[in-house]
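This report concerns a predicted model and the contact between its chains. The sequence and structure are shown first.

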Amino acid sequence: MGRIRTAAAALAGGGTGTVFALLAAIFIAVAFTNPGFFEGPSLMAFLKQAAPLVILAAGQYFVIVSGNFDLSVGALVGAQVVIAARLIDGEESRTLPVMGVMLLFGLAVGLVNGLVTTALKVQSFITTLGMMLVLTGAIRLWTGGAPTGSLSEAFRGPGRRGIDDVPLIGQIPWAVLIMIGVGAAAIWLMRTRFGRVLVASGDNELAAELSGGRVDTVRTVAFVLSGLSATVAGVLIGGYAGVSAQVGQGMEFTVITAVVLGGVVLGGGRGAVVAAMAGALTIEALFALFNQMALPSTIRPAAQGLIIIAAVAYAAKRRTRRPVAATATTNANPS
Amino acid sequence: MSLRRLDTTALIYLALAGVVAIGGIAVAIDGGNLFSTANLVDMFTRTSLTGFLALGMTLVILCRSLDLSVGYTAALASMVAATTMDGDPNRIVLGALAALLVAGLVGAANGAIVSFLGVNPFIATLGVGLIIKGYLDTEYKGPAGLVPTAFQQFGYSRIAFVPVSTLVMLALAAAGIWFLRSTRTGHHMYAVGGNIDVARMSGVRTKSTLMTAHILCGMFAGVAGLLLAARFGTGSATEAYSNLYELDAIAAVVLGGTLLLGGRGGIAGTVAGVLILAVLDTVFNVMQINPFAKDVLRGAIIITAVAIYARRQLSRTARRPRFAAAGTAADTGRP
C-alpha cells in the first residue's frame, strides 16, 4: 500500500516520474487516433525523427542542471549543417574529415561559451545569446546568405538509413541507435564524479566549491558537451532533412521546453537526464498527435506554450509545498 | 549607493560618447558624414521601437524577472489597433486604447504566471509568447486591418531631425526615471530584484510589485505595437515578431548596465544602451557593412560589455568580508 502511494507520488510529483506518465498518456491518445502507430516501421520512423531533439536535450540537460542556459544550440545546429554542405560539396571522400572538422567546431563553440561564462563571469543567457547572433551572422556572411554545396551520400547515412530487413520492425535506423548510445553515455556520465559535481554546482555553487568540486571546470565541460550534442544532432538533421538556411531555427527554445518538461529545474541542481530525454520524446509525440488530429501546424507553438507553462507551474506548486511542510516539522520540535 | 549608480550610468554615457566619436571618425574616413540630417533621422528612428520595448524590459529585469513575449505582444497590439481602427479616423483613440488594454492584459498574464504560479519567468513569458504566436498565425494568414492616415503620422512625422515617436519614447523614459526614483512602487522594484525574501519580510508586497512591472512592460510593448501599426499602415504580425525585437531590447537593457540578476540599474542607462545600438546600426548602414557582419559585431559587443560590467561587479564583491568568514568557518569546522 505504502509502495503504491510512493509510486503515485513519484508519478504526480512534477519531477522525474511525471514526464513518463505524461508520455504514456500521449502515447495512449496516439494509439486511439491511429492504432497503426505502434507497428514497427511507423514507430521507428517516429523515433528517427525524434532522435535529434532527444540528443540535444541530453546536451542541454548538462548545461541547465549546472545552473546555466545554452541558447546557442539552434544556431549551432544550423551552422554545422551549412558547414558540412559547403565543405563536402558532394565529394564522398571528404565525409569523414569534414565530420572531424564539425566535431572540433562544436567543441570550440562549447568551450568559448563555457569559458566566457565561467572565467569572464558573463551570465550564460547573455553569452549564449551573443553566440547565437555571432553564429547566425558569421554563417550567413560566409555563405553570402544562402547555403551552398551539398552533402555526400555517406554523410546522409546516419540520418536516413539503418539496419535493413530486421524481422517485425523492418529497419532499425542508425539515428535511433545513436540516440540510445548518446542516452546511455549521458546516464553513465551523470553517475560519475563529474555528474555529481555538476548537479552540486547547480544546486549550491558555493557549497560545491567549498567541498572541493571544480565548479568552473565542470560547467565549462557541460557547455562543451552541449556543443558536441548539437554537432551530432546537426549530422542527423542534415542527413534527414537536407540543407536549408532555416535548419535549427528556434530549436533552442524547443529543447529547453523539453528539458524543463522533464522536470529539470531551471537554475540547476534538480532533475535527471533520462527525464530530460523523455521530455524531448514527449514533445515529439505531442507533435505527432497534432499531425494525426490534422490540426493546423500554426497551432503548435500555442500548444507548446500552454504545456510548458502548465508543466512548470505544476512542478513549482509541488516543490513549494514540500519545503513548507519540512520547515513546519522542524519548527514543531525546536532542539 | 547613489554615487555608485551614478558611476555606472556615467560610464555608459561615456561609452556612448566613445561610440559616437569612433563611429563619426570611421564614417568620415569612409568619406561620409554621420551627422548629416538624413543619418541623424535614421539614427533616431531606430531608437523608438527598441526604446519602447527596452523601457518596459528594464522594469521587469530590475525585478529579477524577464519578458521574452514583448515582440509577440507588440505584434498582437498592432493587429488589435489596425483591425479596430479599420481605416476610420474616428476610431483612432478607441483602437489605441484597445491595443494598450490587450497588451496590458498580456503583461498581467505574464505577471500572474510568474508571481502566483511560481513559474520561472524565462519559461512563463516564452510560453505566453508562443501562445500569442500560435493564435496570430492561425487567426491571420497575412496583414489585416487598416490604419487611418492621421495615425500613420505617429510613424513618420518629425520635428527637425527628431521623429515624433522618438520624442514620445524620451518622454516615457523621463516618466520612467521619475517613477523609479520617486514612487514607492519604483523603490519596491529595486527591493524585489535585490532580494525578494528580504523585501517580503520588510513588508513589500512582492507579488503586486512584480505584477505592476509586468503590466507596465506589456503596455510599453503595446506602444511599440502602435508604432509598428503606424509604420506599416496595417496590422502585420509576422513582420513584427520575426525580427526578434525582444532580444534587441534585452541587449539594450543589459548594455545599459542593468543587472540581469535584478536590483541594480535604471532607465537612464537603458536609453544610453538603446542609443549605442542605434548609432552602431546607423554606422554599419552608412558604411555599407554586410548586414550579416552586423549580427556578428553586435553579439561580440554585447558579450564584451557584459564582461566589463561583470569585472566591475567582481572587484566590488571581492571586498566583501563574507566569503573570507565562510572560508574560515569551514576550516575550523574540520576535525
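How many residues does the contact take from chain B and from chain A? Chain B contributes 37 residues and chain A contributes 39 residues, two residues being in contact if their C-beta atoms, placed from the backbone, lie within 7 Å.

This is a predicted model, in which local features need pLDDT of at least 70, side-chain atom pairs count only at pLDDT 80 or more, and totals for chains, interfaces and linings use all residues. Residues are numbered from 1 along each chain as its sequence is written, while chains are lettered from A and ligands numbered from 1 in the order in which they are written.

On the side of chain B that touches chain A, α5 (121–139), α12 (245–255) and α14 (291–318) of chain B each supply at least two residues. Helices (H or I, at least four residues) and strands (E, at least two) are DSSP runs, numbered from the N terminus. The most is given by α14(B), with 14 residues.

Confidence is expressed as pLDDT, the predictor's confidence in each residue, from 0 to 100. Chain B has a mean pLDDT of 84, and 91% of its residues reach 70 or more.

| Helix of chain B | Residues | Mean pLDDT |
|---|---|---|
| α4, highest | residues 92–115 | 93 |
| α15, lowest | residues 322–333 | 41 |

Over residues 318–335 of chain B the pLDDT is below 50, and this stretch has one contact in the model beyond near neighbours in sequence. For the model, ipTM is 0.76 and pTM is 0.82.

Chain A has 14 helices and two strands.
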